Amino acid sequence: MSNSSQLDIIIDNVTAAGRTYSYNETITVESEAPKVITAYFAEKVIKKETLDGSYQFTFTEDKSTDSVTKRAAVASEIQTLIKTELEGQNKEVRYADIKKIIDTKETGKNWPIQSYKKDETLTFDQHKKQPDTYYKKIEEAPMGYQVYLVAETKKLDGKTLKIKIQEDKSKNQEDKEVLKLVKTETDALPVLVFAKLEDKTTTTEAGDWIEIDIKKQDQKILGKTEGTEIEVGIKKIQLRPKEDKLGSKTEDAVKSFEGWQEALYIREDETEAGKKVIKDAEEAKTKREREKTEDVILKFDKDAKKKTYPAGKINAPKTATVGKVIEYILDIDIYNKNYKYKDKATEEDKKNIRWSFYVQGEAKTSKESTYITDKSKSGLYTYAKTEVVDNKIKLTIVFDKALKGKKVQIEPFRGTPDLSTKPDFVRTTTIKEPSTPKITIRDKAHLYLKTQCDSIENTGDIIDQDFLKGGRFKLETPGLLFPFRKMPQNHPDSLKNAKYDSYNYHYNEKNAATFAYGRRSKKTKKIVRLHAARDLYYDVNEPIYAIADGIVKRVAFFYYDTWVIEIEHEYEAKIAKIKGHKMLVRYGEVKKGSAILVKEGEKVTRGQKIGEIGLLNPYVRQPYPDKRGMLHIEMYTGEGSGNLSDKSIKYSDMLYATSKKNKGITFQRRKDLFDPLDLLNEMIKTSKKENWIE
């Protein structure tokens, strides 16, 4: 589309070369139409390098620096003088740079320079007080992030551009092109819109068109070379709808953050491969149920001439899952009890080996009651079968749900069972509850932008354009939230005061708040275990929030009058060697009683308040004399099993947790424990971009 204007050219009675000329004509002059050059999603980038030359400081009198106290005082005095001089220039010299030079040691000596003379000079790095920022194009972001819509235009200076966020079709697990969040291709994705770029709260909800004011700005705002003016519009948005949860079951999922998550979370059992596993298991179960009792050989031929005895160890897993098949494969010895291994079994031999089944902890008085002679036995097993496979005798069995959490013993025998755990051919098996479907698959939706602006000259004409439809911006499922809405008092960027640096939880094995720091016995003063967490310092009663969706596994007493909440989260820790595990998090030193808002077995959602910071009793003042609480946070990949606290686990058993200072000392924790520091740092970044914490 083009714009045009009319130009009247009139030449009236012009005399040239003795002749008079007249000319009168109206011509149309074509002008360039308004245009959106590009539109995209961006993030704000703060340039880390803010160095702006150097500052030279001259002493006006002699200064002694022969002690730690004097050096700190001189550094503070210098910073105050420089700050006063640079005030209003938007520049600064940092205290850390000054202190570093003041603490400089003389060559060959073990102490810093002892004094500075009058007129002696020092040179310090000078920085910009406010670092430069610009907006950089991004191709993907998790839902919940604060991002920016950027439009570069021509001939639209001072005008308003409209942008609509729409979803492009994506392939699902069945390789079909589908819309994951919206119902139709014309639907707009509702997001939160900020009134100003600097705002920390939203004032507008956009369910359709988002208006962006276009104005001329220096192109450095987009990270380009400084000096050229371009037309740019920038709008801050948050990739989330107004509501957290669905108002009703009939409401469109796209209207809530919960709906977005559900649309982009696909459980492993919902994939094609997962569905096949379920189908195969159901078919196998149906086949077992159709088996005739006479096909299941469990009878014992006590009069058989050929004697068959168990020999060697049973080949079988040490754990079994309720409802799933487990196999016990047995080496046998024929004719005599010399315990030779790997003699070949025949079809006849499977009638000569009887299997005994008993639950640990229960009385073993009746031998006959332990015999496996039926296809199923209520309360013990739902299926059992004996057969010969690869010249060995095999027992196939499916345990009943009544045995969940118990240990059973399986013993093959020829004659009378020993009812003992001593023989090699007795196998003890722990029965586990069926696992929930593995971790959800984090999927993505593809978004693009539709722009719309009015023609400058032709009133009523609309200029529509699509952007990102080829490359398609990816909207991902959200990462983990930080468990607080404030920064910890012992975080290096938000220390409550200088004393808290001594308890900075970012250090490595340096203080009581750090991972793998040695815990000592009160009696012997020797290190007896290693700290299994990072401690985040907060005031008592500070709210604690769930970092992701999950299931509460345990709520119990923890330590010094505080409690613990253990949650299995819908998240797969990247550190895990084996994929498909749900991460377990222990929220420790929580306030007891009504402050705990969740119960065992309950579902929790990302960002849900679960409890409050407690107070240790008796209280340990760190740093003195502050009286505050902390969150003791432990993380496990989910690869292990059993209680999270386990004194029997050796240092060498640990999969990921190690120590540089105290190698060999136990953590007294489950083997899949890992240092949560890197993940905590990621959580802070995510939470800041989601406006969750400052």
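A cavity here is a set of grid points where a 1.4 Å probe fits but cannot get out, and a lining residue has an atom within 4 Å of such a point. Keep that in mind for the next minute. One caution as well: this is a predicted model.

So, the cavity. Searching the whole structure for cavities of 30 Å³ or more turns up one. The space in the largest cavity is about 60 Å³. Which residues line the largest cavity? They are Q261, Y265, R442, P478, G479, L480, A548, D549, E570, Y571 and R606. By class, that lining splits into five nonpolar, two polar and four charged residues.

Next, an open space: the second largest pocket. Its volume is about 940 Å³. Its lining takes in 24 residues. Nearest the centre of this pocket are K44, I46, K685, K688 and K689. What classes make up the lining of the second largest pocket? Charged residues number 13, with six nonpolar and five polar. Three elements each give the lining at least two residues: strand β3 (35-46), strand β11 (146-154) and helix α5 (677-689). Of the contributors, α5 gives the most, with five residues.

Now the packing. In soluble globular proteins, nonpolar side chains tend to be buried together. Here, the largest nonpolar core has 50 residues. Which of them touch the most other members? F41, I165, L189, I237 and L239. Take L239 from that list. Leaving out residues up to four places away in sequence, L239 touches F41, A141, P142, M143, G144, Y145, V147, V191, W260, F473 and L475. There is also a second, separate core of 48 residues, and its members include L536, Y537, Y545 and L616.

Y545 takes us to R485. Beyond its neighbours within four places in sequence, R485 contacts Y545, N691, W692, I693 and E694. The R485 side chain reaches the backbone oxygen of W692 at 3.1 Å. Is R485 buried, exposed or partly exposed? Its relative accessible area is 38%, so R485 counts as partly exposed. One distance for scale: R485 and F425 are 60 residues apart along the chain, and their C-alpha atoms are separated by 57 Å.

Now set that against N172. N172 is in the loop between β13 (170-171) and β14 (177-178). T271 is 99 residues from N172 along the chain, yet the two C-alpha atoms are separated by 9.4 Å. N172 is partly exposed, at 23% relative accessible area.

Why does H632 count as buried? Because its relative accessibility is 5%, and the cut-off for buried is under 20%. What does the H632 side chain meet in a polar contact? The side chain of H531, at 3.4 Å. Setting aside neighbours within four places in sequence, the contacts of H632 are H531, A533, R534, D535, F558, R586, Y587, G588, E589 and R669.

To recap. One cavity of 30 Å³ or more. A second largest pocket with 13 charged residues in its lining. A largest nonpolar core of 50 residues, and a separate one of 48. R485 partly exposed, H632 buried. That's it from me.

Key:
Residues are numbered from 1 along each chain as its sequence is written. This is a predicted model: local features need pLDDT of at least 70, side-chain atom pairs count only at pLDDT 80 or more; totals for chains, interfaces and linings use all residues. Side-chain values use heavy atoms; hydrogens and water are left out. On a 1 Å grid over the protein atoms alone, a cavity is a set of points where a 1.4 Å probe fits but cannot get out, and a pocket is an open set with protein on both sides within 12 Å along at least five of seven lines; lining residues have an atom within 4 Å of a point. Grid points are joined across faces, edges and corners, and a volume is the space filled by probe spheres set on the points. Helices (H or I, at least four residues) and strands (E, at least two) are DSSP runs, numbered from the N terminus. Ala, Val, Leu, Ile, Met, Phe, Trp, Tyr, Cys and Pro count as nonpolar, Asp, Glu, Lys and Arg as charged, and the others, Gly among them, as polar. Buried means under 20% relative accessible area, exposed over 50%, partly exposed in between (1.4 Å probe, protein chains only). Contact means heavy atoms within 4.5 Å. A polar contact is a pair of N or O atoms within 3.5 Å; within protein, one must be able to donate a hydrogen and the other to accept it, and residues adjacent in sequence count only if both atoms are side-chain atoms. A nonpolar core is a set of buried Ala, Val, Leu, Ile, Met, Phe, Trp, Tyr and Cys residues joined through side-chain atoms within 4.5 Å.
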